[in-house]
Amino acid sequence: MADIDIRQVAKRFGSHQALHAVDLTVADGEFVVLLGASGSGKTTLLRIIAGLETASEGTVSIGGRRVDGLPPRRRGIAMVFQNYAVFPHMTVFDNIGFGLAMQKIPAAEIERKVRRVAGMLHIEELLKRYSGQLSGGQRQRVAVARALAVEPAVLLMDEPLSNLDALLRLEMRAELKGVLQESRTTTIYVTHDQVEAMSLADRIAVMHEGRIVQAAPAPEVYHHPATRFVGSFIGNPPMNFLPASREGQGARVAGHLFRHAPASDGALAFGIRPEDLAPAGEGFAGRVKVVEPLGPHQLVTMDLAGHLFRAVLDNDLAVRPGETLVLAPRPGRARWFDADSGASLAEITQPEPVTGA
Amino acid sequence: MTSLATTEAEASARAEPRSSGRLVMASAVIVLVAWVLVPIYLLVVNALGSVAAVTAWPKALVPEFDLASLAFFANYAGVPRALLNSFLVAGLTMVLSIGLGAPAGYALARFRFPGANLFRLAVLMTRAFPLPLLALPLTVLFIRVGLDDTIIGLALVHTTLAMPFAVLIMASLFMSIPEELEEAAWTLGCSRLSAFRKVVLPLALPGIAAAGIFAFVISWNEVFAAAVLTIENKTLTAFLLQSLDVSPLPLKFAGGAVLIVPALLFLFAVRKYLFSLWGIANR
Ligand SMILES: Nc1ncnc2c1ncn2[C@@H]1O[C@H](COP(=O)(O)OP(=O)(O)OP(=O)(O)O)[C@@H](O)[C@H]1O
Ligand SMILES: [Mg+2]
């Protein structure tokens, strides 16, 4: 077990900059999820930590030791690959025992350890099979077992569940969480599935275009997005954004005046999550365009001064397309962003009375 | 009923061009197969037939099993020696082609380096260079360095002939082995070398063997360089070429049969890799 310290890591592929000065620290035993869209640099960062790729700049330390120059085998890591990479010419037993055999551990000891991890992942009865005789889910378990068998200081996983069907994914997610909580291994887990990220992570590091834009526990990332991108990337349906124009101490958004808005030099943008809206006497008045029932809730899309605006409302509220609906932010949930940089500005904490236009 | 009848008629009308296409395809296949098989059949019948049967016509459908021709061939002066030379040269060519071709193929498959495509092209272009043009300077050079009329000298020439195929077969072979398997081995405690030995090599072995047999057969069948560069140490092909005019018919057929057998065995062994090399799905 060990902590990870990544400082100012940058990576260029020719003229393409895949990573820009990434900083990330992971505490001993912590489970950090790298979350980001396709091409945001998640795999690249993971491979740099593993030593499969060399950083153009910056340093990586594992357990307080600089590992930049070390080959993968000297870093105390184990990795689970997106396509599993189970060795096809070896049995499941030999696959799981591969890392142990490389350490010249006695056969009896290997046997004991392989059986223990195989038990943890419920694959004892598969030990004699070859990877060609396994289903995708079983192969995935073998890949995780193989990585856990060497008892690595750091476990790196690159979208290990992405090839599974939805149901199996849910099941494996819960199981993985159990196994990893038990082993208390420092883990970095890559995914582009935000639900997976929220359910597994101690901390989520959101990546965007080669940068970590926010690294925080899931509720904080959700409720206090550091940038406009994080707000729109996390949460489904995404956060609503509206342009705001300053008026004295406050700002006017879609015809409504907020009396307090954070002071800043640049232009303002207003953000609110669809589930943080409620019907009110005064607020944003828009024409309802579409109503979609979502089980316990309904997703209402409305036209607000020419912008699409979404709200998740209780099912018992009767809303019909064509009606005019007035919605107000729940207390303390409105967010302000710098319109140019997208950076989050100070929050409005007290309930915000909305003054009609 | 009528609508059913029309749809049936339509269906058969639509099937018509396809079935005639199949007919053309089938006859083309039959012609090609006959093109290859008939000479082989005649060769085998004559080689296995009695000495008298060689000139007989029509040929027996089922060949006799009279080994007289082959025995005669085997005892013909110089044949055992030439056969041994052919084996030695081809064996050496195989070893050299694998030894040099495997690393080159691995590099082409795994590393991106400037000039990789040029290298790939250059490897093929060596085959475009006519050997007859090289023969004289090569002979002079070989005499100077003392490689003339030696097994090693001829094997070197054959290796340059076999190398393009060996390199390209092995490059496509290594490309077909996912890089992640190697990377997984590195993270589990392997160096580049031990990962190659424990993961890549076992998976590549059948293909490497195929490339090796390919090199063997290219050398085995090669006539020109063998005839020009050797005098005492003639390989079987060069020997047959030299004694073709003066040798009796049974000897020619027996020699021909001995020459094609390794080629046929080889093709059978490597058909899977040849297909995958040209992008044709296997099975
Ligand atoms: N070997 C490489 N050569 C050139 N560019 C690369 C290479 N590897 C990655 N890239 C580029 O770097 C960027 C980040 O790639 P990376 O694989 O890290 O993305 P990712 O976040 O893992 O995406 P995904 O979710 O699709 O796996 C991409 O724009 C990609 O095209
Ligand atoms: Mg990736």
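A: Ligand 1 lies between chains A and B. This is a predicted model, in which local features need pLDDT of at least 70 and side-chain atom pairs count only at pLDDT 80 or more, while totals for chains, interfaces and linings use all residues. Residues are numbered from 1 along each chain as written, chains are lettered from A and ligands numbered from 1 in written order, and side-chain values use heavy atoms, without hydrogens and water.

Q: What makes a residue count as one that surrounds ligand 1?
A: One of its heavy atoms must lie within 4 Å of the molecule. For ligand 1, 14 residues surround it, and the closest are A:Ser38, A:Gly39, A:Lys42, A:Thr43 and A:Thr44.

Q: Why is the pair of A:Lys42 and ligand 1 called a polar contact?
A: A polar contact is a pair of N or O atoms within 3.5 Å; within protein, one must be able to donate a hydrogen and the other to accept it, and residues adjacent in sequence count only if both atoms are side-chain atoms. A polar side-chain atom of A:Lys42 lies 2.8 Å from an oxygen atom of ligand 1, so the pair meets the cut-off. A:Gly39 places a backbone N or O atom 2.8 Å from a ligand 1 oxygen, and for A:His16 a polar side-chain atom is 3.1 Å from an oxygen of ligand 1.

Q: How much of ligand 1 does the protein bury?
A: Taken alone, ligand 1 exposes 640 Å², and the protein buries 65% of that (Shrake-Rupley method, 1.4 Å probe; for residues, only the protein chains shown count as cover).

Q: Why are A:Arg47 and B:Glu183 called a salt bridge?
A: The term asks for a side-chain nitrogen of Lys or Arg within 4 Å of a carboxyl oxygen of Asp or Glu. The N to O distance here is 2.9 Å, so the pair qualifies. The interface of chain B and chain A has 1 salt bridge and 3 residue pairs in polar contact (both at pLDDT 80 or more).

Q: How do you know which residues of chains A and B are in contact?
A: Contact means heavy atoms within 4.5 Å; by that rule 16 residues of chain B and 19 residues of chain A take part.

Q: What is found between the two domains of chain B?
A: An automatic or database assignment divides chain B into domain 1 (2-55) and domain 2 (76-282). In contact are 7 residues of domain 1 of chain B and 8 residues of domain 2 of chain B. Between these domains of chain B there are 0 salt bridges.
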